[in-house]
Amino acid sequence: MIAMRDSFDRDITYLRLSVTDLCDLRCRYCMPAEGVEKKRHEDICSVEELLEIARAAVACGVRKVRLTGGEPLVRRGILDICRGVAAIPGVEELCLTTNGVRLPALADGLRSAGVDRLNVSLDTLRPDRYAYITRVGRLEDVSAGLRAAEAAGFTGTKLNVVLMKGFNDDEIGDFVHLTEDRDIEVRFIELMPIGQGGAAEYLPCGAVLEACPDLEPVDLSGVARRYRRPGARGLVGLIQPMSCRFCNRCDRIRVTADGMLKPCLHSAGEIPLRGLHGLDLERAIRAGIAAKPERHHMAETGRSEAERDMNRIGG
């Protein structure tokens with residue numbers, strides 16, 4: 001495996017691989033109320049294509065793979081995908097981001113298939129707000145999913161909380177409280193102006209430190225600045241793409257469910273991978289890494305340059 005650096009000397013070691021753009025929820029800042037049009041079977045990558053892309057990315061220096069969607073657990077063959085990626089020599093960590101609704105049925109299978117860690121998206125701890133923001137979801141299903149993940153042996157689970165002014169800013173303390181006696185990391189994420197993102201109001205992560213001034217800095221982990229409440233088991237992470245741009249340490253590339261490599265989430269640039277094999281596929285991935293832009297321009301323009309909604313890129 002040969003490490004790959006982009007033109008700005010960033011070591012690219014992380015692949016976010018979307019397996020579907022479909023989801024069983026309709027979160028207001030992510031998807032339209034009617035959902036998205038279901039693609040034809042032949043228009044999305046097969047299990048075999050996804051695994052071939054993952055193997056080529058590892059040959060280009062990737063060591064961590066995260067499976068995303070849409071909601072990856074609605075994808076037929078998801079356990080086969082997990083087993084296949086976990087078996088690739090050189091994959092040091094396989095993670096999966098989910099809304100948690102299907103974990104009661106799948107947590108054991110995911111653990112057996114080689115998934116190391118889960119991120120669960122959860123923007124509120126209040127049932128009425130959860131029903132509102134997801135349009136069709138029930139908070140008790142996610143709670144059951146988190147219990148199932150713990151019973152299956154998952155540790156270090158991360159909760160992804162998108163901050164939204166006037167919606168969940170009064171729950172910051174409740175989320176931080178979860179870290180006191182649990183081995184979890186609550187990650188507050190700033191809302192980005194991409195796709196349906198305008199359906200909610202932006203709130204900077206600085207609001208977390210204002211609400212919980214006892215949080216103490218711990219370290220920098222990937223794109224997250226991490227904190228801990230004194231005596232707490234868990235951690236609090238702040239992901240600040242808007243107020244504290246972290247492009248200079250971005251180590252990831254993304255591949256969409258229809259096989260397009262995106263060097264940057266917020267760029268319109270895409271490189272087609274479907275139909276390529278062997279060295280041709282590796283060359284395309286390396287070309288994508290080389291094309292990774294220095295930074296996004298959302299602070300200047302107030303919008304993402306991506307030409308897809310988030311669910312069609314991969315969360």
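Helices H1 and H2 cross in a right-handed sense in this predicted model. Their axes, taken from H1 (residues 47-59) and H2 (residues 78-86), come within 10 Å and cross at roughly 25°. Because angles under 35 degrees count as roughly parallel, H1 is roughly parallel to H2.

The contact between the two helices brings Val47, Leu50, Leu51 and Ala54 of H1 against Asp80, Ile81, Gly84 and Val85 of H2. By class, the residues of this contact comprise 6 nonpolar, 1 polar and 1 charged.

The sheet is open and has 12 strands, in the order S7-S8-S9-S6-S5-S4-S3-S2-S1-S10-S11-S12, and its pairing is mixed. Strands S7 (216-221) and S12 (271-272) form the edges, each pairing on one side only. H2 packs on this sheet, where it touches S2 and S3 (93-98), and the direction of H2 makes about 155° with that of S3.

| Strand pair | Bridges | Direction |
|---|---|---|
| S1 and S2 (residues 64-68) | 5 bridges | parallel |
| S11 (residues 260-262) and S12 | 2 bridges | antiparallel |

Strand S1 (residues 14-18) is mostly covered, with 5 of its 5 residues buried. Tyr14, Arg16 and Ser18 point one way from S1, whereas Leu15 and Leu17 point the other way; all are buried.

Terms used:
Residues are numbered from 1 along each chain as its sequence is written. This is a predicted model: local features need pLDDT of at least 70, side-chain atom pairs count only at pLDDT 80 or more; totals for chains, interfaces and linings use all residues. Side-chain values use heavy atoms; hydrogens and water are left out. Axes are lines fitted to C-alpha atoms, for helices over the stretch in contact, and angles run from 0 to 180 degrees between N-to-C directions. Helices (H or I, at least four residues) and strands (E, at least two) are DSSP runs, numbered from the N terminus. Angles under 35 degrees count as roughly parallel, over 145 as roughly antiparallel, 65 to 115 as roughly perpendicular and the rest as oblique. A crossing is left-handed if the near helix is turned anticlockwise from the far one by less than a right angle, and right-handed if clockwise. Contact means heavy atoms within 4.5 Å. Ala, Val, Leu, Ile, Met, Phe, Trp, Tyr, Cys and Pro count as nonpolar, Asp, Glu, Lys and Arg as charged, and the others, Gly among them, as polar. Buried means under 20% relative accessible area, exposed over 50%, partly exposed in between (1.4 Å probe, protein chains only). Two strands pair if DSSP finds at least two bridges between them.
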